[in-house]
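Welcome! Here is a short briefing to read with the model open beside you. Take the topics in any order you like.

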Amino acid sequence: MPVLAPLLTVRRLSLAFALPQGGRASVLDGLSLDIAPQEALALVGESGSGKSVFALALLRLLDRHAEITDGEIRIEGEDLLHASDKRMQDLRGKTLAIIFQNPASSLNPIRRIGRQIADVLLAHGERSADAARRRAVQMLARVGIQDAARRANAYPFELSGGMKQRVMIALALAASPRLLIADEATTGLDVTTQAMVMDLIHEQARANNMATLLITHDLALAAERCDRIAVIHAGQLVESAPAARLLTAARHPYTRALLTATPHAGSTLANLRAIPGQAPDTAAADLPACRYYARCDRRTELCKSLPPMQTASSNGAHVVACHHPL
Amino acid sequence: MTVLFQARGLRKAFGNGEHRRYAVDGVDITVAEGEALALAGESGSGKSTIGLIMARLLDHDEGEILFDGQEIGKCSARRAAQQPWRAQIQMVFQDAGGAFDPRLSISDSVALPLRRLSHSRGNALTHAVEDALDRAGLAGHLFRRKPHELSGGQLARAGIARAIALRPRLLILDEPTAALDVSVQAGILHLLNELRRDLNMAMVFVSHDLNVLRVLCSRVMVMEHGNIVEEGPVGRVFASPAHPFTTRLLAALPKWPRSEGLPHQLPGSALIIHSQ
Amino acid sequence: MNASLISFVLRRVLTVLPVLVGATVFTFVVMRLLPADPAAFLASGPGMGAADIAALRAKLGLDRSLPVQFGLYAWQLLHGDFGHSFVTGNPVALDLLQRLPASLELACGGLLIAAVIGMPLGIAAALRPGSLFDTACRALAVLGGALPGFVIGVFLIYLCYFKLSWAPEPTGQIDAALSAPRIVTGFLVIDSLLAGNMTAFASALGRMVLPSLTMALFALAPVMRMTRAAMVTALASDYIRSSRALGLPNRLVLRYALENAGAPLITMFGLIFSYMLGANVVVEKVFAWPGIGAYALDGLQAADYSAVQGFILVVAAVFAAVNLLVDLLCGWADPRIPRAA
Amino acid sequence: MKYGSSALLLALFLALAIAGPAVAPYNPLAYALADRLQPPSLHHWFGTDALGRDVFSRTLAAARTDLPAAAAAVILSSLIGVSVGAACGYLGGAIDRWVGRVVDVMMAFPLFVVAVALVAALGNSLTNVVLATAVINLPFYIRLVRAEIAARRQLGYVMAARLAGCGHGYIIGRVLIPNIAPIIAVQISLNLGWAVLNTSGLSFIGLGVRPPTPEWGALVSDGAQYLLTGQWWVALGPSLVLVLAVFAFTLIGDTAHDLFSPRSAR
Amino acid sequence: MQRRDVLLGSAAGAASAFLPRLQTRAEAASLDTLRELAEAGPNSRDPHGAGVASPSLGTFTNIYDRLINFGHTEIAPGIFKYDYTKFTGELAESFEVLDDGKRLRFHLRQSATFHDGSPVTAADVKWSFDRGVSLPGSKYQLATGSLTDPAQFVVVDPATFEIHLPRGDRYTLPNLALTFASILNSKLIQSHATASDPWGADWLRDNEAGGGAYRITNWQAGQRVTYTRFDDWKSGPAPALRQISFEVVPTAESRVAALEKGDADIALQLPPQDIAHIAADPHVHVVSIPVTNTFRFIAFDTQTAPFTDARVRQAIAYALPFEDILQAAVYGHGTPLFGAKSAQPKNAAFPQPYPYNTEIARARSLLAAAGHGRGFSTTLSYNVADNDTAEPIAILVQQALAPLNINVQIEKISAADWATRLTAKTVPFFIESSSAWFNDPDYFFRIFFQGNWRWNFGSFNNPDLAKLLTAARWETDPAKYDALMEKAVGIVFQQLPILPLWQPTFEAGFKPGLTNFIYYIHGQVDYRPLRWA
């Protein structure tokens, strides 16, 4: 694998929520991650694992109750956490863009879609409203919307779910970002639509030399669509590896358990296993150092007190954070 | 094979005037005693509507419905609550959280059908409730909790407990695991399979997730635009789909890379995922 | 497009008819439930005895059976005849026509002030939900709504007119010494402006300040609360999050939120306006405002059936018109709202 | 802080209504022309009115008129409104459409004038004021409950209740209404404030309670006559208490609204 | 207009609304205009109309002429009061009483015209009287002056008009000076008459048809009426005021405020509690005139138990704190009608103070004698519109009767209902005030103490009184008349169908400098003699 300067570097990112009833929940704990230019990375975890919060942290769109307690985020070398609000506004959309889960609610319901794309273009350097409008139509055509010039005048509610997600992609791609984050972008869509949307993202990423961060709970989807998969459990990154390798040679007990719980074409009921227990309450005072501790069948006292080191494989591609890896 | 449930020529339209559209457009369904039937389709295909009609929670426009040989389709859904077969046909909903009265404890919710339909009282009732919840694998300390105090997986189990409390002969499940994490889903699937086996319940499992249907059911019906486009044993349909729509559905599923051919680079880390 | 709009308006107007018919029947019944006998009220001259009262009853048609009376009333209504008011001696239709603009003007003025004060506060509060400012705004608005109109009215007169001489005297719409401008809209403030009569304009505007303020205080709480709620909803929405994520400038993001809060706000303003029109009865009384509310109150106290019936019909009609306008505006503000149904 | 203060205010008013006569320094009905229109003093905290009655004592005593009257009106309209609204919202169909029409008609009325007409028609008494207040609040309950029930009748737990063999009566009364009780509670607390305002508004135009029963609105409107002659206290004390009462109810409603509506909270 | 100008203009307007000191009427007004504020406005222009509100009487006074007017006497500098024993010509240049009062001849002013320019003829006068005795709104009042039949009204020639009477009646001339005897433009009205409405009543209600000193130039019912001088008016000295703006301001406080700020020239219906305060204001001149033809009273329905027993009525009278009631209700602004020392009438005048004082012991024994020693329950009613005065009375009565174990419920009856209830006689015990057009005692008695109508508030039915009244009606010997009426007064003293409390005071606030105000029975303003000093 060619050694490229990473596009995005996240180091030891820790993030906490202030809880309404007092106290704090440690939502992300020392998370480190790189994304290379043009790489497709999947961040996989169960609901509540902190994967969506991570995406919002990258964009600095966290709400007021969230606080980044440690770590750094750099995109193309630029320190995101210390960038001015104005600079952040420039970076959003232009350097890193995101597609959210629910296209039906993520589009401004009362603006014509062409105009929404034009708004993004105008926010990112386009000066002429006419040109913006023309490029908006082009964008729509690019994401595969038939009769784009006419459809540009449609309102979101006049479009089907798949079309809306296409429009969302067009919006995200409008300012040619370097990194596209797809946050559960296909959850809730039919499998056929999901395949179509993923094809489109893949296609566009390739055409625009864009890196993608696919945030999902669906390991199968991640494995099919991404170069590399990072697995997150209760705010801790437990393992990251090239997709095929992760599926076949997972080293973290959690990754393994996740794999045996995921039904796929080859599954039978007999070889499906649920993961025992639940992810720990991140607001608890006595969180074990390894948050998978309570659910793990390989746990020792060590796991409770000492945070596992991230150990990399010889080529650095397979990283696992476990005292007792498989 | 004994036929338990049979529906013929089911039709159901929604909307008025020019917006009138058939969500179910001439569907025949037969469910055998103790069978696990899968109903697959995309959103808007009419599969959930069929589920509601089968559970007699929704009136159909046309067609006849026989349960245990008895015509039950003539009785309107509004009056279904008083019918003797009510206890025999139960349903589990997709949104387990929304399916529980937020004010009641889990055990009270589970007790409701027992009190209303089997008229259990006192110890017998408590016993039946706890038995159902135990069967569904819910830990005893959770029985007295309110729905919002439970996790999604626990709620799903509670929902199943309520549905099986009456020992129904037909259980309709409308995407019961769609909102759950895979880590929990597997457990629920095992549970359902055990229950079907132990209680000899027929199940109709409505879902868009073909991988889930495949592991649980023996027979599958694929729906598109209110019609059944393909029907057959799970293995056959998935291995060699006959209808182009089924083909498309299967093709859209994420590919799971085969385990063969990838060397394990780190010693001692080998993990055989598919230990056939 | 235009044809569909017209057919929508026509269809809506048709749906208003049952409301108006219902209002007519209800008012008629309630007025006939009143124990008061208009004939006895009218026969207040000394010397008028039972025979004269009976004659008056006959003249007023009160001796007929209720269904016949209703039939006659409905027949009159169909011919645009609202009957005659005992109190003013005028045809009710004329009275209402003259007085409705004054009431509308007052309600508009009140709503305008409430909007100008309440909306920015609501938006500001929505931008910092849960903050001290938010809490203070809400408490203030609730306090404003907790004051009965007549208390505020009398207090404002005492303070602003009597003590401080800031406001002109609370005796109607315009200084009587000034000739009122030619009626175009019926709103004196606008008419005087159209006529270019600045003295009349100043007088009309000045006299509107206190009564509108009184009305506005009452409307402030709902305006603020609903603006805040609509904005909080809009700001918490996914599309706002995604527009932030796309790097849209704050100004535009706020505009997105405002546009989306538009339809609920229009609906709210419609509701408040209609409510104000019925609720300004007491305020009109306090400020000698020549509106329909004070007219109806006088009518009620004088068993003036036609006047009260006419008033309620007119308010119901205005209510319907406002609803129609609200629907049209909502359809304009939010393309999702269908013009059908 | 807010929840505490609204609860405290409510407690204060309940205490006022219950203990009022016991703590009132004077007989609220006893007149003393020699003491008429005395400004506030240590003896008369709110001063005295035109008949020399102690305004403070009258204000205290008025809580016993206004609070039960408002409560009665609200209970009446909520009982009827909830039953009708729930039946319509759950059953839908033709009855629902007709009730909807009637509610539309009622909402189109200038409600205060309707209240005045009703009191005039039924006779001028507190009972009829309560009735009129109940009637004009009715459409709000019907509309609210109808919408809330209609939005819930297809929910999972209603379906589950149907599966459990529950009849419609059981579902409406034991499942749906208890679940919208918080929403109704919000409406009730807001309505209590309106009811007090309505009662006082009617008093202002001379309708309502029979003299000499003290009532806040009547006290304020009596006092308003003396503002210009400089006897501001006759109106001020009762005004403040009236405002505080309405404020308390609204605040409680507001608080309840926050507590029960996830959309507007934070 | 440019948009900018509009903006500037509105800014200026908004600013001027809040300038620290607004130009007041005093600075703006000229000496030939007047601004009058009243609680309610006129509702008709038909002097014979039914349901005419009292402010309309002022309208009739100013827009129509009568044949004659009352004389007047000065009661304070620049303030006059009508005197209905004296008459001056108005439309009639002169008049003669002929044939022992059986024939009244009027010589009309030759030059007089109506507002439309047509001359006033005797035919117009006759038609006006014909109309007056035909329409129910006026015929009963005119009948009190023996004016009942169109045949009585005779056109001698275009300038001479006669009224023929069956016998001389002292009430004829006073009636001719009332607004009911206004002279109307017959041709104008007839042109608007219809078959179903031969007297043009529907038209005249909304239009004027006269030749009075003022014409109406703006009529906004319930809001304001503008009167402009009719410069061709011949029936008296030319009025000084060119224009009068009559405005309706329902809230008493606002009227007082406008008066005190100098924004109003005349304010009527001042609240009694404000009088002392206003009178102290050097910018206001308060006129207080005792009203002799109006009285406030408590009435008992003598046909309803327990008020059928005169002793019950007397007991209540003895229990009441009259002085307190007068103070509480109207701040002492009234002429007491209680507290006479002797049970015998002082003279034949009516109303006069009744011989009742607060004597609880006596009240108790009377009540016991009537068999109500343990008290009873009853309802005391009053009209909501009368609240300001009646409520204090009711409260004091309620508390005064409590020691007698008379449990009084106070009932406020809506204004609309009040007339109905009084007519139907369904209120047993109530507070009311009323007035008669003339002060003669027999006139009062005929209205208030006999007959089956609303005005017999006590439902009094006393054969002795009836005989006395019949005798007094045509008695021309003053001594005999007085003797008859003294007896009548004695009967109502003792029988007490109604308990008079006081006669009110007419109170109006003027801007200083306004002079020549004449007080009339109806309490409305006659603009014709008014002028600025």
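## A first stop in chain B

Setting aside neighbours within four places in sequence, B:Ser107 is in contact with B:Val129, B:Leu133, B:Phe143 and B:Arg144. Please keep in mind that this is a predicted model.

**More on B:Ser107**

- Helix α2 of chain B, which spans residues 106-117, is where you will find B:Ser107.
- Is B:Ser107 buried or exposed? B:Ser107 has a relative accessible area of 9%, and because buried means under 20%, it counts as buried.

**Which chains meet**

- Six pairs of chains are in contact, and of these, chains C and E share the most contacts.
- Chain A and chain D are not joined by any contact, and their closest C-alpha atoms lie 10 Å apart.
- Chain B and chain E do not touch either, with 49 Å between their nearest C-alpha atoms.

**Where chain E meets chain C**

- On the chain E side, 54 residues are in contact with 55 residues of chain C.
- Together, chain E and chain C bury about 4300 Å², and 58% of that is on carbon and sulfur atoms.
- Several elements of chain E give two or more residues to the side that touches chain C: the helices α1 (3-17), α5 (136-143), α8 (201-206), α9 (252-260) and α15 (415-424), along with the strands β1 (33-38) and β10 (243-248).
- The largest share of that side comes from α1(E), with seven residues.
- Sorted by class, the side of chain E that touches chain C has 26 nonpolar, 14 polar and 14 charged residues.

**Where chain D meets chain C**

- This contact takes 40 residues from chain D and 42 residues from chain C.
- About 3800 Å² is buried between chain D and chain C, with 81% of it on carbon and sulfur atoms.
- The interface of chain D and chain C has zero salt bridges, and it also has zero residue pairs in polar contact, counting pairs with both residues at pLDDT 80 or more.
- On chain D, at least two residues of the side that touches chain C come from each of α3 (93-107), α4 (111-122), α7 (168-204), α8 (216-224) and α9 (233-260).
- Which of these helices gives the most to that side? The answer is α9(D), with nine residues.
- By class, the side of chain D that touches chain C is made up of 26 nonpolar, eight polar and six charged residues.

**Two domains in chain A**

- Chain A is divided into domain 1 (8-95 + 177-321) and domain 2 (102-176).
- The C-alpha centres of domain 1 and domain 2 of chain A lie 29 Å apart.
- In chain A, 18 residues of domain 1 are in contact with 11 residues of domain 2.
- The two domains of chain A bury about 1300 Å² between them, of which carbon and sulfur atoms give 64%.
- In domain 1 of chain A, the residues that lose the most area to domain 2 are A:Pro177, A:Leu200 and A:Gln204, together 35% of what that side buries.
- Between domain 1 and domain 2 of chain A, the count is zero salt bridges and five residue pairs in polar contact, both at pLDDT 80 or more.
- On the side of domain 1 of chain A that touches domain 2, the elements giving two or more residues are α2 (85-94) and α8 (191-207) of chain A.
- The largest share of that side, six residues, is from α8(A).
- By class, that side of domain 1 of chain A has nine nonpolar, five polar and four charged residues.

**A last stop at A:Gln165**

- A:Gln165 sits in helix α7 of chain A, residues 161-173.
- The relative accessible area of A:Gln165 is 0%, so this residue is buried.
- Leaving out neighbours within four places in sequence, A:Gln165 is in contact with A:Ile99, A:Phe100, A:Gln101, A:Pro103, A:Ala185, A:Leu189 and A:Val197.

Definitions and conventions
Residues numbered from 1 in each chain as written. Chains lettered and ligands numbered in written order. Predicted model: local features only at pLDDT ≥ 70, side-chain atom pairs only at ≥ 80, totals over all residues. Heavy atoms only, no water. Helix = DSSP H or I, 4+ residues; strand = E, 2+ residues; numbered from the N terminus. Buried < 20%, exposed > 50% of the residue type's maximum accessible area, 1.4 Å probe, protein only. Contact = heavy atoms within 4.5 Å. Buried area = accessible area lost by both parts, 1.4 Å probe. Salt bridge = Lys/Arg side-chain N within 4 Å of Asp/Glu carboxyl O. Polar contact = N/O pair within 3.5 Å; in protein donor to acceptor, adjacent residues only side chain to side chain. Nonpolar A, V, L, I, M, F, W, Y, C, P; charged D, E, K, R; others polar. Domains from an automatic or database assignment.
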